[in-house]
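Keep the model open beside you and try each task before reading on.

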Amino acid sequence: MTEEVTATVEVDAPADAVWEVLTSPTRWPAWTDSVTEAELLDERFGPGARVRVVQPGLRPAVWTVTEIEEGRAFTWTSRSPGVLTTASHVLLPAGPERTRLRLHLHHDGLLAPLVHRLLGARTRRYVEMEARGLKAAAEARTPTP
């Protein structure tokens, strides 16, 4: 069974500025309260890279990048007993100097319904918090015309 959460925001910044913020996970604690610590466990962020993420009220998780389309999207997964969590991060053009950011997270596996029931509200809040925080961080990097 699959349980899903999606958040989409319009960012007043070009995709390259959004991508730079998005693919620097060790800096995430600076722009979202949903991540208190993020440690890159490999030399660089890319296919196969692992990132240890600590979030308030959740057990630390190791996320592994499974797919990456440079400048446009990446997907990573984290496993726990009975659940595979997959999160995708997608950038879509939304006009000149604008980007649509779509964050999507889903839980698969035997325990996915239980995890969703216990943590669904927190997960939704964290995904929305990350979308808003990433928007603000990317917009802060882009000079105003």
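The exercises below use this predicted model.

**Exercise 1.** Find out how many salt bridges the structure holds, and work out which parts of the chain R98 and E10 tie together.

*Solution.* Start with the total: there are eight salt bridges in the structure. Next, look at the side chains of R98 and E10, which meet in a salt bridge at 3.2 Å, N to O. This passes the test, because a salt bridge needs a side-chain nitrogen of Lys or Arg within 4 Å of a carboxyl oxygen of Asp or Glu. Now place the partners: R98 is in the loop between β6 (83-93) and β7 (99-108), while E10 belongs to strand β1 (residues 2-11), so the pair ties together parts 88 residues apart in sequence. To finish, widen the view: a network of salt bridges links E10, D12, R98 and R100.

**Exercise 2.** Decide whether R98 and E10 are buried, partly exposed or exposed.

*Solution.* Recall the cut-offs: buried is under 20% relative accessible area, exposed is over 50%, and partly exposed is in between. R98 has 29%, so it is partly exposed. E10 has 26% and is partly exposed too.

**Exercise 3.** Determine which helices are tied together by the salt bridge between E20 and R141.

*Solution.* Check the distance: the closest N and O atoms of E20 and R141 are 2.4 Å apart. Then locate each residue: E20 sits in helix α1 (residues 15-22) and R141 in helix α3 (residues 112-141), so this pair ties together parts that are 121 residues apart in sequence. Last, consider accessibility: E20 is partly exposed at 38%, and R141 is partly exposed at 44%.

**Exercise 4.** Identify the strands that hold E37 and R52.

*Solution.* The two residues form a salt bridge, with their closest N and O atoms 3.3 Å apart. E37 lies in strand β2 (residues 37-40) and R52 in strand β3 (residues 50-54); the pair links distant parts of the chain, 15 residues apart. For accessibility, E37 is partly exposed with a relative accessible area of 37%, and R52 is partly exposed with 27%.

Notes: Residues are numbered from 1 along each chain as its sequence is written. This is a predicted model: local features need pLDDT of at least 70, side-chain atom pairs count only at pLDDT 80 or more; totals for chains, interfaces and linings use all residues. Side-chain values use heavy atoms; hydrogens and water are left out. Helices (H or I, at least four residues) and strands (E, at least two) are DSSP runs, numbered from the N terminus. Buried means under 20% relative accessible area, exposed over 50%, partly exposed in between (1.4 Å probe, protein chains only).
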